[in-house]
Amino acid sequence: MSRTPPIAEATSRREVDILDIFQIIWQGKHVVLMLGALFGFSAFMYASLVSSEYRVISVLRPAALNELDALNRSGVYTLSPNEALKKVGSALESYGVRLEFFKANQVLFSHLQRPGVTLEQSFESFNKSSLKVIAPVSDKADSLSALVRLELRYPEDLDGVLILNSFVDYAIKVEREQIEADLKVIIDNRLAELKGKIDAARSEYDMGMQARIATLIENDDVKRSILKDELVALRKQLKVGRMDRIAQLSEAIGIAQSLGIQKPTTPAGLAESHRAGDSSVIYTEINNQHIPLYFMGVETLEAERSALLKRKTDDFTDGRIAQIAREMFMLESNREVEVLNQRQNEEVFLSGVQPFRADIVRLGNLSNLDISNIQLVTIDRKALEPLSPIKPRRMLLLILGGLLGVGLGALVVLLRSAAVARRVNFQSLESSAA
């Protein structure tokens with residue numbers, strides 16, 4: 001009589017004992033070990049045939065504050081260490097910067113290029129799956145996590161260490177050149193603004209100079225015209241006075257002739273001449289009345305009238321005419337206008353431009369600022385050659401393959417034992433029915 005396997009008994013009772021399962025598996029250990037070894041070997045062969053993938057990491061931190069001191073002290077461009085790190089981080093994430101680096105270093109990526117695939121397509125595949133910024137810059141200025149971590153995954157036929165370190169240097173260089181270009185534009189704009197202010201001051205000075213000269217010339221013209229008018233009026237006045245004097249002389253001559261006064265005399269003298277025979281009488285004349293002109297006598301009056309008629313000019317009779325002549329002579333040339341027109345260096349006379357000129361000199365010195373020596377970030381960790389690949393993990397695959405084979409082998413043994421138990425149970429039922 002055949003012995004019923006334990007699994008058959010368990011099936012008949014609808015119960016499965018764990019110890020019985022382990023016993024069944026142990027009985028089929030050869031199958032389990034064989035499948036475990038087969039799957040483990042297959043996993044090992046797969047790991048050996050699959051191309052290895054490596055990973056390198058570079059970490060950037062904010063630069064020391066003194067590294068950016070020369071740039072910040074320029075007074076035209078301010079950049080904090082965290083802002084500089086953020087700029088470099090943005091450059092590392094920039095698609096354009098990555099593409100330019102890829103184009104400029106095609107020798108490093110020669111293994112990625114395939115026939116029929118454009119350069120941009122090769123870069124797109126590499127950019128999406130291989131290069132990542134895994135820790136962006138923190139927005140908090142005092143955060144200890146203010147850093148940029150760059151990760152590169154690459155196959156074994158690429159020099160990932162050189163690629164990552166070169167790319168970090170390239171991004172820093174690009175950002176440094178951008179800062180240099182921005183600084184140059186700012187300086188040029190400031191210089192243009194300052195020169196515009198100086199030009200405005202120079203234009204204001206020129207207009208003020210022209211207005212000053214025009215005012216001086218106009219004032220001289222006005223004074224000259226007034227003096228000319230005064231001279232004409234004064235000469236007319238003198239002429240009228242001379243004609244009036246001639247008329248007075250003519251009238252006095254007529255009176256003197258009628259009185260028979262030939263020589264200058266006085267009223268007392270005239271009276272004495274009429275009483276010349278009466279010597280016992282003495283006349284004394286005391287008065288303050290103006291003696292009429294005809295007492296000068298005909299001879300004197302005619303001599304004066306003749307002189308007045310022969311006179312060509314009356315200018316010498318009034319001192320004011322000489323003063324007018326002097327003043328008009330002084331007005332012939334304005335010394336202030338001559339000095340203003342003869343100025344050689346008008347720049348020294350511009351007012352309020354000294355600060356602008358000082359700023360121009362200072363900004364001119366900033367053009368000698370060497371941006372290439374400015375450290376924008378600190379490379380806290382450079383990419384180093386990895387000790388082992390991240391893909392495939394051969395030991396892990398070998399263990400997983402072996403475990404999978406063992407599990408599959410145990411399942412096969414259990415299924416086979418269950419099939420045998422079912423067949424034996426079916427045969428027992430048929431025997432009982434017969």
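Start at Val412, which is partly exposed, with a relative accessible area of 37%. Val412 sits in helix 14, residues 394–433. Together with Leu408, Leu411 and Leu415, Val412 makes a nonpolar surface patch of about 330 Å². Keep in mind that this is a predicted model.

Now the charges. The structure holds 20 salt bridges, and I will go through a few.

Take Glu336 and Arg212, which form a salt bridge with their closest N and O atoms 2.7 Å apart. Why does this pair matter for the layout of the chain? Glu336 is in helix 12 (residues 335–341) and Arg212 is in helix 8 (residues 160–259), so the pair ties together parts 124 residues apart in sequence. Glu336 is partly exposed at 35% relative accessibility, and Arg212 is partly exposed at 39%.

The next pair is Arg235 and Asp315, whose side chains meet in a salt bridge at 2.9 Å, N to O. Arg235 is in helix 8, while Asp315 is in the loop between helix 10 and helix 11, and the two are 80 residues apart. Arg235 has a relative accessible area of 40% and counts as partly exposed. Asp315 is partly exposed too, at 22%.

What separates Arg362 from Asp359? They are three residues apart in helix 13, which means about one helical turn.

Last item: Asp199, Arg202, Glu347 and Arg357 are linked in a network of salt bridges. That is where I stop.

Note on methods: Residues numbered from 1 in each chain as written. Predicted model: local features only at pLDDT ≥ 70, side-chain atom pairs only at ≥ 80, totals over all residues. Heavy atoms only, no water. Patch = residues over 30% accessible without salt bridge, like charges linked within 9 Å, V, L, I, M, F, W, Y side chains within 5 Å. Areas by Shrake-Rupley, 256 points an atom, 1.4 Å probe, with all protein chains shown as cover. Salt bridge = Lys/Arg side-chain N within 4 Å of Asp/Glu carboxyl O. Helix = DSSP H or I, 4+ residues; strand = E, 2+ residues; numbered from the N terminus. Buried < 20%, exposed > 50% of the residue type's maximum accessible area, 1.4 Å probe, protein only.
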